[in-house]
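I set down here, in order, what I looked up in this structure. The entries begin with the contact between the chains and then turn to single residues.

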Number of protein chains: 2
Amino acid sequence: MPNPTAAMLVIGDEILSGRTRDANMHFLAGALTEAGIDLREVRVIGDTPQAIQDAVRALGAAHDHLFTSGGIGPTHDDITADNVAAAFGRAIGVREDARAVLQAHYDRAGIELNEARLRMARIPEGAELIDNPVSAAPGFRLENVYVMAGVPQIFEAMVASVLPTLTGGAPLISRSLTVERGEGDIAAPLADLAARHPALSIGSYPFQRHGAFGVNVVIRGQDAAEVDAAMGELAGMVG
Amino acid sequence: MPNPTAAMLVIGDEILSGRTRDANMHFLAGALTEAGIDLREVRVIGDTPQAIQDAVRALGAAHDHLFTSGGIGPTHDDITADNVAAAFGRAIGVREDARAVLQAHYDRAGIELNEARLRMARIPEGAELIDNPVSAAPGFRLENVYVMAGVPQIFEAMVASVLPTLTGGAPLISRSLTVERGEGDIAAPLADLAARHPALSIGSYPFQRHGAFGVNVVIRGQDAAEVDAAMGELAGMVG
């Protein structure tokens with residue numbers, strides 16, 4: 001059975017302006033690969049209602065799962081929840097269970113649950129809350145879209161609570177070999193190897209270190225025995 | 001006059017599998033902002049012909065400039081040039097000026113320009129070469145699409161040679177203020193400030209440091225005087 005597919009949508013002007021370097025894409029990519037879910041596409045867009053709605057519709061329809069990051073805080077530029085709701089034609093408003101989670105959190109901290117913070121309890125109709133063990137304000141799942149925070153510590157905690165609920169396919173086995181030669185020297189044998197193993201993904205990643213060229217060759221696949229066999233052939237060809 | 005707009009397409013299975021953490025998006029975002037070009041969207045896709053062609057067509061048509069990163073090396077999984085050519089319905093083959101650049105480079109290094117390396121001289125019809133001062137193999141511009149290497153050192157060098165040829169709008173001025181309060185405490189004054197200055201982009205980026213919450217507020221705009229005025233109002237409201 002083929003693995004489930006996924007896409008990710010990173011939302012935030014601060015990424016596109018270069019102010020902030022996104023960390024969530026790399027984290028999610030690794031976590032999904034381990035879980036046997038194929039991440040097929042990531043889009044990064046700004047805090048723009050139409051861009052969010054268009055991307056949620058397109059990526060949600062094209063993949064089994066869509067994960068979003070960013071734009072669910074208390075300020076005026078946090079517009080993800082409203083636009084995910086709009087993408088599905090759902091109503092959105094403050095929900096009592098989300099308000100209760102926030103109320104308990106801020107009561108413990110002795111902080112007022114003011115109108116801005118209450119924005120974080122706005123949840124689209126029919127959505128399921130995603131637990132936030134760091135700062136209480138929940139994410140949510142609406143259909144196959146998982147809406148999560150942009151702050152990496154919170155994003156990672158939300159992913160940890162969501163992933164076990166998804167049915168993953170076979171995890172991808174990955175083996176790598178560092179070859180101290182130019183990429184062009186091993187391109188022909190690599191192409192032969194790839195042709196002999198169409199079920200495997202064979203990638204080559206050149207580097208330059210202390211003035212010398214080298215290549216990290218990575219062989220990935222779901223069948224560990226075939227990955228190991230191909231790695232043996234590779235070592236024989238370039239070793 | 002509004003700034004020119006841009007999109008970026010990052011191509012490579014290794015990014016989506018989590019093996020490699022992309023660095024080029026963050027670099028390009030900063031460089032474009034400095035040059036007064038608005039980066040509106042980034043897509044990350046795998047080494048898949050149809051995905052590359054679809055994304056090149058969609059993003060190239062929607063923006064003034066499209067920058068791609070990755071997939072122009074000598075190996076079988078380097079398929080970017082062929083699929084950018086296909087997206088524009090152009091022929092592609094080894095071009096003599098590109099071959100001459102590679103031949104000179106490998107002659108100097110005493111390395112054979114073999115068939116695999118010669119793949120890097122395949123350039124779509126009508127394209128203009130982009131200089132690669134690091135490892136010779138050129139990138140290219142075809143219409144409004146700039147095709148560049150994935151290795152960060154080479155990508156950055158190619159961006160440096162491309163950027164001066166583009167007409168940028170006014171560079172974005174950016175000022176920031178760190179506020180040692182919870183984001184929810186300043187959300188209402190921030191929304192007021194944003195409403196009073198529709199020409200500015202006002203973002204708030206929460207952090208947690210040594211157990212205390214704080215917010216970096218960033219005000220961006222093309223008019224330095226208005227940015228400074230808004231920053232003064234902000235300091236008065238939350239200081």
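**Entry 1: the interface**

I find that the contact takes 53 residues from chain B and 53 residues from chain A, contact meaning heavy atoms within 4.5 Å. I note that this is a predicted model, in which local features need pLDDT of at least 70 and side-chain atom pairs count only at pLDDT 80 or more, while totals for chains, interfaces and linings use all residues. Residues are numbered from 1 along each chain as its sequence is written, chains are lettered from A and ligands numbered from 1 in the order in which they are written, and side-chain values use heavy atoms, with hydrogens and water left out.

I looked up the salt bridges (a side-chain nitrogen of Lys or Arg within 4 Å of a carboxyl oxygen of Asp or Glu). There are two between chain B and chain A. B:Asp185 and A:Arg117 form a salt bridge through their side chains, at 3.3 Å, N to O.

**Entry 2: B:Asp47**

I located B:Asp47 in the loop between strand S2 (38-45) and helix H3 (49-62) of chain B; helices (H or I, at least four residues) and strands (E, at least two) are DSSP runs, numbered from the N terminus. B:Asp47 is buried but has no salt bridge, and A:Arg220, the nearest side chain of opposite charge, is 7.1 Å away. Buried means under 20% relative accessible area (1.4 Å probe, protein chains only); Lys and Arg count as positive and Asp and Glu as negative, with His and the chain ends not counted.

**Entry 3: A:Met120**

I found A:Met120 in the loop between helix H6 (115-118) and strand S5 (122-124) of chain A. A:Met120 is buried, because its relative accessible area is 11%.

Methods. Buried means under 20% relative accessible area, exposed over 50%, partly exposed in between (1.4 Å probe, protein chains only).
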